[in-house]
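Here are my notes for your first read of this model. Keep the structure open while you go through the points.

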Amino acid sequence: MTALMRVRELRVEFDTSGGVVTAVDGASFEVAAGETVALLGESGSGKSVTAQAVMGIVPKPAGRIAGGSITYDGRDLLTPGAAKGLRGREIAMVFQDPLSSLNPVFRVGAQIGEMFRRHRGASRREARAAALELMKRVGIPAASKRLDDYPHQFSGGMRQRVMIAMALALSPRLLIADEPTTALDVTVQAQIMDLLARLQAEEGMSLVLITHDLGVVADVADRVVLMYAGRVVETGPIREVYEHSGHPYTAGLMGSVPVLDGARDRLTPIQGSPPDLLSLPTGCSFHPRCHYADPLCTTDQPNLRPLPTPPPQHQAACHHPEGVLNHAP
Amino acid sequence: MPPNPTPTAPSAPVSSISSLIPPAESAGAAPLLSVRDLQTSFPLRSALLRRVVGEIQAVAGVSFDIPAGGTLGLVGESGSGKSTVARTIIGLEKARSGSIVFEGEELTSLPKASMRRVRRQLQMIFQDPYASLNPRATVEQIISEAWEIHPDVVPRNRHRAEVRDLLERVGLNPDHAKRYPHQFSGGQRQRIGIARALALRPKLVICDEAVSALDVSVQAQVLNLLADLRRDLGLAYLFIAHDLSVVRHISDQVAVMYLGRVVETATQDELFQRPLHPYTQALLSAVPDPKPWTKPEREPIIIGGDVPSPADPPSCCRFRTRCWKAEDICAEQEPVLETRLDRHPTACHFATDLAGATR
């Protein structure tokens, strides 16, 4: 598979009252055509800012892309003008909070239809028909009756379906979903994840799922990109990463998640708290929380490299992956 | 709060109370907290005339017991009424009917002055570690404030030492007592909230989504802390959460709520291994599994639709509008929460024991 999107050494900075924060600090990863990639991380890891950089919506003037490149289908997204016509059409995005992403004063059908009117020059009637079709596809019951409802008349799950319908309107080849189910109840979350997986398969599009929840993506993602303090710390096929974690942070996360079955052992959390982005630790940002840290970790920042165990796509940014791998629970 | 003027329907049929109670763990001993047929409603006002046009029955007949040192997990999705149960127990909302007996005292009819005395034993940890701490008070002030109201707990000259002990107890640096909440991370703030709850040496701590706002690595630390405190101090918890994995991890007994009612209750083991109610089965099926490939292939139960509005709940069985087993009887006859299939109490006409078929 060839890469549809390639992020290289991406660096995004924000000016804050406390100084310059490097929210994304040299992140690199790829998304192949038709692939589902989970971009995982806790709050402050830089996962959402990475998506903002792809979509060209890094908040200004505080934020700026300070380095690196993002290419999509061979075109540089960061060169002004080059991305014209790509974002919103070929690359679409679904956000966490559908209520604040929809315009409260326009009817839902019109908002979906606007995609066709603006980009495809469709007539009002055509746009309405296309919107209806999309609402049916994303599983909104009684779609023809709901075309003329306003966003506030929809439940959280249905609003997220509306957002997905809008994102799909122009048949994107890459869909980025930023915490699409975080605000939803667990039964509705299951519906939305099911819908996204189904649409991804039907459309053959690439899907990037941004989430903090290790479990929610396990059923649907092919590959994982795990971020910590603005850097990619581990990446690989999801099963490899979850079962044979090569980075102590990944192993720590796996030990922190209570599971529904199996023994109710004491959890083995990661000690300490996520770092303050304004004063990141030297060397490997994870070293103050790491069991395996040695003097090298406090001075040298580790780069992503293949683990001693196959497959080569499974990579971790750690000086001592052997220790982590051998200590697998 | 004005008395609710709307005529109220007789309360939902409730079976003999004894059938609702899971077999007592410590036979003979009265439970620490005993809630019976609790109902709490909120008036629904019209936006225009501010007239009361109806009511939302947020809690519609809930019963459970918590023994001393035990943990009851209360799970449910948004609108299930689980937080209202907590707020009613602690006196932040007024119960419309039912009883709440804590250490042998009926809380719903307790005079205010006595309530203050009881409340000492009954503390709460809130979800939002940012909003629930006064930003202008130091940690020491936040924790010792309760001792101003209950001066007999800790004498003034012991305040400072006691705050240090508490901070140490919850895993914070005692030297940080003079710091303000904004100088702590989310997980540390939640520890401050826990220290504050412990300050009055309670017997029961209500944790309302106490770990939901935390990152998973920090959430695990706080869960371990809560387990340690329970072991060391003999605390009982009412642990309210929407995350079933977390509830399973910490609870002895679990009650599942849907739209104001308990639909199923059992020991932690029973409930997660042999759920009888279709809603519980769907809920468990919907919980994301971090390692699905280690499990036998199973058909997920995905229920359609959303939780209906609590302002207009379906008649009789409230889950019937989303239930794949629903038949006419579900709209005609309220399913009673009672022991079914010789296993544990559940409120479903068609309770089935999948006997490990789902999990």
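How do H4(B) and H6(B) lie to each other: roughly parallel, roughly antiparallel, roughly perpendicular or oblique? Point 2 takes this up.

1. **Ground rules.** This is a predicted model, in which local features need pLDDT of at least 70 and side-chain atom pairs count only at pLDDT 80 or more, while totals for chains, interfaces and linings use all residues. Residues are numbered from 1 along each chain as its sequence is written, and chains are lettered from A and ligands numbered from 1 in the order in which they are written. Helices (H or I, at least four residues) and strands (E, at least two) are DSSP runs, numbered from the N terminus.

2. **The helix pair in chain B.** Helix H4 (residues 139-149) and helix H6 (residues 186-198) of chain B pack at an angle of about 25 degrees. Their axes are 8 Å apart. H4(B) and H6(B) are therefore roughly parallel to each other. (Under 35 degrees counts as roughly parallel, over 145 as roughly antiparallel, 65 to 115 as roughly perpendicular and the rest as oblique. Axes are lines fitted to C-alpha atoms, for helices over the stretch in contact, and angles run from 0 to 180 degrees between N-to-C directions.) On the H4(B) side, B:Val139, B:Ile142 and B:Ile143 meet B:Ile192, B:Ala195 and B:Arg196 of H6(B). Contact means C-beta atoms, placed from the backbone, within 7 Å.

3. **Strands of chain B.** Strand S1 (residues 33-45) runs antiparallel to strand S2 (residues 52-66) of chain B, joined by 11 bridges. Strands pair if DSSP finds at least two bridges between them. B:Pro43 stands opposite B:Glu55 in S2(B). The hairpin of S1(B) and S2(B) has 6 residues between the strands, and B:Arg50 there takes a positive phi near 55 degrees. S1(B) also pairs with strand S4 (residues 97-102) of chain B, in the antiparallel sense over 5 bridges. Here B:Ser34 faces B:Val101 in S4(B).

4. **Sheets of chain A.** One open sheet has 8 strands in the order S6-S7-S8-S3-S9-S10-S12-S11, with mixed pairing. Strand S6 (91-94) and strand S11 (305-306) of chain A stand at the edges with a single partner strand each, so one side of each lacks a neighbour in the sheet. Inside this order, S3 (residues 36-40) and S9 (residues 223-228) of chain A pair in the parallel sense over 4 bridges. A:Leu40 stands opposite A:Leu226 in S9(A). Another open sheet has 4 strands, S2-S1-S4-S5 of chain A, with antiparallel pairing.

5. **The core.** The largest nonpolar core holds 191 residues. (Such a core is a set of buried Ala, Val, Leu, Ile, Met, Phe, Trp, Tyr and Cys residues joined through C-beta atoms within 7 Å. Buried means 20 or more other C-beta atoms within 10 Å of a residue's own, exposed means 12 or fewer, and partly exposed lies in between.) Among the members that touch the most others are A:Ile112 and B:Phe239. Helix H6 (residues 156-168) of chain A gives the largest share, 8 residues. B:Phe239 has contacts including B:Leu72, B:Cys207 and B:Ile250.

6. **Where the chains meet.** In all, 38 residues of chain B are in contact with 36 residues of chain A. H7(B) gives the most to the side of chain B that touches chain A, with 8 residues.

Note on methods
Contact = placed C-beta atoms within 7 Å. Lists of a residue's contacts leave out its neighbours within four places in sequence.
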